[in-house]
Amino acid sequence: MVCPALLLQSFIWISLVAKGVQYNVTHVVSRMCVVRQSTVLIPCKHTSQYEQVSAAEWLYEKPSGQKVRVSQDPAFVGRVEFVQPAAGNCSLLLRDVRQSDAGIFRFVLSTASGPNWTNDQGIQLEVTDAELQVKTESDVVMEGDLIMFVCGSCIPSMTVPTYIWRKDGHLRSQHHGDNILVLESVQLEDGGQYSCTISGHERLNSTSAEITVRPGYPPKSVSVSISASGEIVEGDSVTLSCSSDSNPPALIFSWFKENQTSAVGSGQSFIISSFNSSHSGRYYCEAQNQHGSQRSASVSVSVKESSSSLIRVTVGITAAVVLTSVILLVFIGLLIRRKRATPSEEQKHGGSGHNKTLESPEDAYMSLEPKSRCSEYDTLDNMKRSCENTDDPEAQDPTYQDIDN
């Protein structure tokens, strides 16, 4: 007996429409997945308004490309049946599906006038079982690795089955409609024998896989920490430390600075004894053990101006301000002094047009020559001499001689 759900989900409607002498043949689906040893029905229905369809035949194309008639191939003898309860039905029933049945099925309609019509695309039939496939990151499964189990080559099209997973013969999990089991980070206790079955097809012999998890795993969660608790100033000692989770513990550490091709240091700690601006940048480390390696994220390390540098800059700025202020004050004082001196000079120049400028007694005295001295000058010196006697050198007063000499 064929399950109604099987008929519904694997239904393929084939339509033959007459358009003059032209026919169109179409498939509703192009691919089907069937469980080995099960029964599949490929329904077929055709209609024609103008010409009688005399026969319908299914062709099978093997993976090698060879094409045979299903009704004449010994491999299908006793396992195929054309279900024809009424006119226009050309369904194909295939029992005890085998792995060798995988291939392309096409149908051919023959008309009374002779032409045969088919569809080049056909229907791709895939056959699956409970064969278990194991996919791992490497040939040797280590702690922390990812393992993916796949049950069968495809998910059946007729029904949505439930996949049952077992470890060492005990139920582990059930997945409805999903034939994949994933172990993201395996532990030692995950080792054992795994197998799967498909609900409704428990009689299938399922292959199993033995998983051995070896202790140890490569570094993971690698990170960098900085010893300086606050801001780094020029001259400070800075220590970068690299940490990781690995088994066995990582023993090889390498330090890198971004935009540099080679390593800048080694060891779990990287020390910069006297930090300066040339050391600023982004650093990361790489941890390695016998199972592999991993690098950390980059951290930014930069230097801040020291307090002494700031003091020097501040003192320099203050000195410049003070010097500028002094120069400005001197300049303003000169301007004020000049403004105060200008009115007295104008008064002196204003009176020169009417009164002769008075000279000091010493200037007047030095400007006089002995021959031009008159009685008025003698009067000032309380000396009674005549201007006529100034021509005689011997008659000159000894005082004047001392001045000339």
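**Disulfides, salt bridges and a buried strand**

Cysteine 196 is buried, at a relative accessible area of 1%, where buried means under 20% relative accessible area, exposed over 50%, and partly exposed in between (1.4 Å probe, protein chains only). The model is predicted: local features need pLDDT of at least 70, side-chain atom pairs count only at pLDDT 80 or more, and totals for chains, interfaces and linings use all residues. Residues are numbered from 1 along each chain as its sequence is written, and side-chain values use heavy atoms, with hydrogens and water left out.

The partner of cysteine 196 is cysteine 151, to which a disulfide joins it with an S to S distance of 2.0 Å; a disulfide here is a pair of cysteine sulfur atoms within 2.5 Å. This link connects distant parts of the chain, with cysteine 151 in strand 14 and cysteine 196 in strand 18 (residues 192–198), 45 residues apart. Strands are DSSP runs (E, at least two residues), numbered from the N terminus. Cysteine 151 is also buried, at 0% relative accessibility. The angle about the S-S bond of cysteine 151 and cysteine 196 is 85°, and the link is right-handed.

The structure holds three disulfides. Another is formed by cysteine 33 and cysteine 154, with their sulfur atoms 1.9 Å apart. Cysteine 33 belongs to strand 3, while cysteine 154 sits in the loop between strand 14 (147–151) and strand 15 (162–167), so that distant parts of the chain, 121 residues apart, are linked. The disulfide of cysteine 33 and cysteine 154 is right-handed because the torsion about its S-S bond is about 75°. Cysteine 33 is buried at 0% relative accessible area, and cysteine 154 is buried at 5%.

A further disulfide is that of cysteine 242 and cysteine 285, whose sulfur atoms lie 2.0 Å apart. Its torsion about the S-S bond is about 65°, so the disulfide of cysteine 242 and cysteine 285 is right-handed. Cysteine 242 lies in strand 23 (residues 238–247) and cysteine 285 in strand 27, 43 residues apart, and the pair links distant parts of the chain. Both cysteine 242 and cysteine 285 are buried.

Salt bridges come next. A salt bridge is a side-chain nitrogen of Lys or Arg within 4 Å of a carboxyl oxygen of Asp or Glu, and by this rule there are seven. One of them pairs glutamate 126 with arginine 31, with the closest N and O atoms 2.4 Å apart. Glutamate 126 is in strand 11 (residues 123–128) and arginine 31 in strand 3 (residues 31–35), so the pair ties together parts that are 95 residues apart in sequence. Glutamate 126 is partly exposed at 24% relative accessibility, as is arginine 31 at 42%.

Glutamate 81 and arginine 95 also form a salt bridge (2.9 Å, N to O). Glutamate 81 lies in strand 7 and arginine 95 in the loop between strand 8 and strand 9 (103–111), so this pair ties together parts 14 residues apart in sequence.

Strand 7 (residues 80–83) leads on to strand 8, with which it pairs in the antiparallel sense over four bridges; two strands pair if DSSP finds at least two bridges between them. In this pairing, valine 83 stands opposite serine 91. Strand 4 (residues 40–42) also runs antiparallel to strand 8, joined to it by three bridges, with isoleucine 42 opposite leucine 92.

How do the side chains of strand 8 (residues 91–94) point? Ser91 and Leu93 point one way, Leu92 and Leu94 the other way, and all are buried. In a regular strand, side chains alternate between the two faces of the sheet.
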